Amino acid sequence: MADAGLRGLTHRAVDGAAALPAGSTSYYFRTRTALIGACYRRLAELDLADFDGDAPAVGSDRNAAAGALGALLYRWLTAGRARQLARFELSLEAARNTELEAELHQAGLGARARAAAVLAALGARRPQESAELLAAWTDGLLYDRLAGALARSRPAPDRAELTATARRMIDAALTGP
């Protein structure tokens with residue numbers, strides 16, 4: 001379904017992909033909006049689980065934080081590419097559909113809370129505001145590399161480059177607001 005985009009996200013397609021009897025998905029998610037919301041929640045859960053897998057070892061070490069964020073970016077640009085593209089596509093749908101706004105907002109709060117905790121441990125004066133900047137920069141980098149104008153012509157993601165970029169983003173967030 002990730003290859004077909006939002007048009008490919010139907011109750012019938014989910015039933016088929018999950019090898020469920022026809023109508024199973026619509027029993028739990030009556031409307032297309034409910035189905036999209038459930039997908040968005042699940043993508044957010046998976047992203048937070050990825051973040052939680054790397055961040056706890058960071059402590060107050062900027063290099064460790066940059067390494068963890070660089071590894072996360074690398075994972076999301078390679079093995080997690082389809083999931084991130086789906087997240088962006090669902091985010092755009094949520095921005096246009098008031099019934100989905102709460103899902104988008106809640107997912108954004110979870111990611112920013114985790115980033116704020118890391119930035120607070122690193123000494124940020126205003127960790128929440130710094131987390132908002134870091135989240136925006138992270139999403140911007142991901143979007144640019146996955147769907148931006150040069151996405152297809154860029155070389156494959158490089159861990160060292162992503163870690164260096166992550167260090168610059170963290171340093172800027174810590175000296176920010």
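**Entry 1: the core.** I started with the largest nonpolar core, which has 28 residues; L69, L73, L119, L122, L134, L142 and I170 have the most contacts inside it. I keep in mind that this is a predicted model. Next I looked up where the core residues come from: α4 (62-77), α6 (101-121), α7 (127-147) and α8 (159-175) each supply at least two. With eight residues, α4 gives the most. Another core lies apart from this one, and its twelve residues include V14, L35, A94 and L100. A handy reminder for me: in soluble globular proteins, nonpolar side chains tend to be buried together.

Entry 2: I picked L142 and skipped its neighbours within four places in sequence; L142 is in contact with L73, W76, L77, Q84, R87 and F88.

**Entry 3: two helices.** How do α4 and α5 pack? I found an angle of about 85° between them, with their axes 6 Å apart. They are therefore roughly perpendicular to each other. At their meeting place I see R75, W76 and L77 from α4 and R81, R83 and Q84 from α5. I sorted these contact residues into two nonpolar, one polar and three charged.

**Entry 4: salt bridges.** My search of the whole structure gave 14 salt bridges. In one of them, D50 pairs with R83, with the closest N and O atoms 3.1 Å apart. D50 sits in helix α3 (residues 32-54) and R83 in helix α5, so this pair ties together parts 33 residues apart in sequence. D50 has 14% relative accessibility, so I noted D50 as buried.

D144 and R154 also meet through their side chains, at 2.6 Å from N to O. D144 is in helix α7, while R154 is in the loop between α7 and α8.

Terms used: Residues are numbered from 1 along each chain as its sequence is written. This is a predicted model: local features need pLDDT of at least 70, side-chain atom pairs count only at pLDDT 80 or more; totals for chains, interfaces and linings use all residues. Side-chain values use heavy atoms; hydrogens and water are left out. A nonpolar core is a set of buried Ala, Val, Leu, Ile, Met, Phe, Trp, Tyr and Cys residues joined through side-chain atoms within 4.5 Å. Buried means under 20% relative accessible area, exposed over 50%, partly exposed in between (1.4 Å probe, protein chains only). Helices (H or I, at least four residues) and strands (E, at least two) are DSSP runs, numbered from the N terminus. Contact means heavy atoms within 4.5 Å. Axes are lines fitted to C-alpha atoms, for helices over the stretch in contact, and angles run from 0 to 180 degrees between N-to-C directions. Angles under 35 degrees count as roughly parallel, over 145 as roughly antiparallel, 65 to 115 as roughly perpendicular and the rest as oblique. Ala, Val, Leu, Ile, Met, Phe, Trp, Tyr, Cys and Pro count as nonpolar, Asp, Glu, Lys and Arg as charged, and the others, Gly among them, as polar. A salt bridge is a side-chain nitrogen of Lys or Arg within 4 Å of a carboxyl oxygen of Asp or Glu.
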